[in-house]
Amino acid sequence: MAPRRLLQTMFRSGPPRSDRSRSSFVFGNVFLHLHSVRVHRWTLRWSATMGLGILTVAAFVIALVTGVLLMFYYKPYPDVAYLSMKDIHFVVPTGRFIRNIHRWAANIMVVGVLLHMARVFYTSAYRAPREFNWIIGMGLLVVTLGLSFTGYLLPWDQLAYWAITIGANIAQSPREVTDALGITQYFDPGGFQRLLLLGSDTVGEEALIRFYLLHVMVLPMALLALLAVHMWRVRKDGGIVRPVDADRRLAPVGADTYPVFTQAPQKTYQLAAIVRGRTAEVGNGPENTVPAMPHLFYAEAAVFMFTVLLCVVWALFQDAPLKELANPNVPENPAKAPWYFLGLQELVAFSAFMGGVGIPGIVLLGLGLIPFVEREHEGTGDWFGGPGGKRLVIQSIVYGLAAVIAVEAFAIHFGWIRQWWTAAPQLLITAINPGTVLTALYAAYSIAMIRRYNSTRAGAVGLFTCFLCGFIVLTIVGTHFRGPNWEFYWSPAFWPEH
Amino acid sequence: MTVEPHPQSAAAKASRLDTEPMPRRDFLGRAALWSAASAMFLAVLGIARLPRAAVLPSPSKKYKVTLPASLAEGVAFIPPGRSVAIVRDADGIYAISTVCTHLGCIVKQTKEGFECPCHGSRFGGDGHVVRGPAPKPLSWLALQDTGGGTIMIDEGKVVAAGTRVKVA
């Protein structure tokens, strides 16, 4: 019969009913074969990944689906865009709910990427052979932030307009240096970047259509491509990282597991000769692995459902913000970017170029170098493994927090060079400002840790932990303690009328 | 030890059994590959040229403004919808751009000068930076008396700070 034949041809290796046919199903399916056929039991332990990567992917899928739904009604043209947002919010059936889910899924995605990165770092999962996947992951972080940033303009409200004006001027901020050197008329990368981003010299219709194009087409496709490579490499680089002695540390396999090697294997040198990397463990069969289908799929589905639940509940209780229609003559006061950029905005408030381009560039470079500088083996696959262990992390947290709070407190209380010396040359402020001082303090700490423990891993832990502390504290200061004119206030209750 | 070719073996040397320096198929294959690669490269260059806006859709930067009948000294007059502060003092009239030189927010006039709401840059009455992250003073813009209480402002033309125009 034709329908049955259709069903049969869908599964190249017959319906997935036994372990064997399920394995060939996973192996032969174009989507599923990003998974390996069998996964190690260690991988499925909650503490190995905490499901953070899948959580991020799930949030992306949710944002993708809700984003397509929003595209039915959204019109990317100034003022009209704002009206279509109002339509989505008040008229379109479930429109408000869908937009809320879209916004909160994007937030979960940003948090998920950062937490996943921290998990990978603290389990030393970036080490060989996974160095390149760390770089791909950084690409995913940048694209995720790009998606959030471009999406931020689309509502065309006051918040969006001024956040993007600031963002576009950050792209132009290399002029801070070229102007100070007096070479802008010959060499103007800043102006070029801004023009490319906005397609005009103001944030207007050209900018909106460009951001729309980036948001719904270019960046999602870039993200999908990177994501496919990222997951494929996870599989090809030997799955999720685990300690070398993972097999011994797991509870013994059940008595019903069929042993792979019934006798000690005799001639393993042949195997060692064809396997790349360090010698394969002799006499160790895949007893500790389980079929990806269904075990891994159950775990993934659970994380996916958890993410859906999170988005739905959040969307029910909190609406995505929508302010007044964009007004190019009156900035919001304070004009704040989305929360995950407020750490950067805090740095930008000291120097546009260093805060917006210089320091993020240094941070990305530093993070990207980690797997190529740190090539130790101790503690791979264990949380906070390696020299110093947990104590080093705690010590780094204390230092990282102390440094960022001290620098911020100093700058807030005493001001900076321009207040003491109005005629200070701009290059001096670009080079020495609270942001660069903090970066230097963190770099110095990292080098001190390398010396003290005689280990590059210790330096990497110091650097990454400090980066996290700095990011969190600056974000909190930018979000909660900055009021009108970007002045410091303990609470919005103390804001003056304006 | 090399074997001297027989003087009469020129025809034999061209035999198709001998290896050519590069087989014809290899040559054609590589030619196809490299022509495709260079075509792609040039196409990408051409495509990269496209998003660079050739025509800027922003409104004209040169416009005429009617001054209010009574323009008090030192109080900025901001034409509606523009980002220019027109100020009168004892020496004449001048125009200062209200676009912050830090990140492009619009500054507000205060008693001491101007302040930016976005990152707290402060400027003196003549636009020089007093505090905050702004790297440059506010620009002074070219203006021209066009008679009858009107002036022409050119936002695209920056003049030296202190340039004032006498208006009747």
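The model is predicted: local features require pLDDT of at least 70, side-chain atom pairs count only at pLDDT 80 or more, and totals for chains, interfaces and linings use all residues. Residues are numbered from 1 along each chain as its sequence is written, and chains are lettered from A in the order in which they are written.

**Helix pair**

- Helix α4 (residues 52-71) of chain A packs against helix α6 (residues 95-122) of chain A at an angle of about 155°, and their axes are 8 Å apart. Helices are DSSP runs (H or I, at least four residues) numbered from the N terminus; axes are lines fitted to C-alpha atoms over the stretch in contact, with angles from 0 to 180 degrees between N-to-C directions.
- α4(A) and α6(A) are therefore roughly antiparallel to each other (angles over 145 degrees).
- The contact of α4(A) with α6(A) comprises 16 nonpolar, 7 polar and 2 charged residues. Ala, Val, Leu, Ile, Met, Phe, Trp, Tyr, Cys and Pro count as nonpolar, Asp, Glu, Lys and Arg as charged, and the others, Gly among them, as polar.

**Domain contact**

- Chain A is assigned domain 1 (22-244 + 288-332) and domain 2 (364-498), with bounds from an automatic or database domain assignment.
- The centres of domain 1 and domain 2 of chain A, taken over C-alpha atoms, are separated by 25 Å.
- In chain A, 18 residues of domain 1 are in contact with 20 residues of domain 2 (C-beta atoms, placed from the backbone, within 7 Å).
- On the side of domain 1 of chain A that touches domain 2 of chain A, α7(A) gives the most, with 4 residues.
- That side of domain 1 of chain A has 12 nonpolar, 2 polar and 4 charged residues.

Note on methods. Helices (H or I, at least four residues) and strands (E, at least two) are DSSP runs, numbered from the N terminus. Angles under 35 degrees count as roughly parallel, over 145 as roughly antiparallel, 65 to 115 as roughly perpendicular and the rest as oblique. Two residues are in contact if their C-beta atoms, placed from the backbone, lie within 7 Å.
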